[in-house]
Amino acid sequence: MIQGPLYAVVPAAGVGERMGAGFPKQYLSLAGKTLAEHTLNRLLSFAPIEKVIVAVSDDDPWWPTLSMASHPRVTTVTGGESRARSVRNGVAQALMDGGEDAWVLVHDMARPLVRLSDIQKLLDACDDQGAILALPVVDTIKQAADGHIDKTLDRDTIWRALTPQLFRAAALYEALGEDLTGITDEASAMERQGLHPVLVAGHSDNIKITVPEDLPLARFYLARQFEAEQLEVGRFEVGKVEESGGL
Ligand code: C5P
């Protein structure tokens, strides 16, 4: 469990080239709302988060048009030329606002389906070295060399990193440092310092919208989450206590 103020840091300064939409992917529509609104709604409805710090491009004309950009618990900072730079700017803001005791929950804007129950699980499992949501791989994994298989890796030891990733803000800021080359997630910056964040098993519907075929999949997962939530409400109505399948 963590102690100290908790801030969400949301990198959202990417152009989303692989999506090919002609504008950043977080402004694509999913069930009548932008991906950004889905993501921020979820983070803002998680009470322990004091503020959501969003890193956006200075020349992003869409962000100021969202009502959430002026939400009292949302702060905007300038994004960077890489995801890691955007995160670093957000972590710097969390440190300014919350001081040395602050914790940061870094979450991609492009992951609109994160479950609040998984965020809670992350908080519960976190230790001093931080924690990340991740998924154990199910496929056999090959390491390649020149387009041929070099070897098969032991899949029992391999996980796919998701977000959110949770760290003490000061430790993450120091770990990111000035050299951000090769840093594709926050945990890799901590690993570079010799630290070993906890792996917390998340859900596979926490997808990062990256290519056009991810949108229909997101629609499907969103509908399933909604149905599970309705079922959950139904269970409460009849007074039964069952394992939660909802958000
Ligand atoms: O491009 P990718 O899907 O890895 O981006 C993950 C997240 O990082 C997205 O929410 C994107 O907006 C953000 N990002 C950023 N600054 C960049 C590049 C990506 O904040 N320069």
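1. Two strands are said to pair if DSSP finds at least two bridges between them. In this predicted model, strand 1 and strand 4 meet that condition, since 6 bridges join them and the two strands run parallel. One of the contacts in this pairing can be named residue by residue: the bridge partner of Pro 11 is Ala 55, which belongs to strand 4.

2. Strand 6 shows both kinds of pairing. Strand 6 runs parallel to strand 1, to which 4 bridges join it, and in that pairing Tyr 7 has Val 104 of strand 6 as its bridge partner. With strand 10, strand 6 pairs in the antiparallel sense, again over 4 bridges, and here the bridge partner of Val 106 is Gln 165 in strand 10. Is strand 6 covered on one face or on both? Both faces are covered, with Trp 103 and Leu 105 buried on one side and Val 104 and Val 106 buried on the other.

3. Helix 2 (residues 83-98) has 16 residues and reaches 22 Å from its first C-alpha to its last, which is close to the 22 Å expected at 1.5 Å a residue. After the helix comes Gly 99, whose phi is positive, near 75°.

4. The packing of helix 2 against helix 4 deserves a separate point. Their axes come within 9 Å and cross at roughly 145°, and the crossing is left-handed. Val 87, Arg 88, Val 91, Ala 92 and Leu 95 make the contact from helix 2, while Ala 169, Ala 170, Leu 172, Tyr 173 and Leu 176 make it from helix 4.

5. The largest nonpolar core has 34 residues, of which Val 52, Val 54, Trp 63, Leu 105 and Leu 166 touch the most other members. The elements that give two or more residues to this core include strand 1, strand 4, strand 6 and strand 10, together with helix 1 (35-44) and helix 3 (116-125). Leaving aside neighbours within four places in sequence, Trp 63 is in contact with Tyr 27, Leu 40, Val 54, Val 56, Ala 69, Val 74, Thr 76 and Met 109.

6. A last point concerns Ala 228, which is found in helix 6 (residues 214-237). Its relative accessible area is 18%, and the cut-off for a buried residue is under 20%, so Ala 228 counts as buried. Ala 228 and Lys 33 are 195 residues apart in sequence, and their C-alpha atoms are 20 Å apart in space.

Key: Residues numbered from 1 in each chain as written. Predicted model: local features only at pLDDT ≥ 70, side-chain atom pairs only at ≥ 80, totals over all residues. Heavy atoms only, no water. Expected span 1.5 Å × (residues − 1). Core = buried A, V, L, I, M, F, W, Y, C linked by side-chain atoms within 4.5 Å. Buried < 20%, exposed > 50% of the residue type's maximum accessible area, 1.4 Å probe, protein only. Contact = heavy atoms within 4.5 Å. Axes fitted to C-alpha atoms, helices over the stretch in contact; angles between N-to-C directions. Left-handed = near helix turned anticlockwise from the far one by under 90°.
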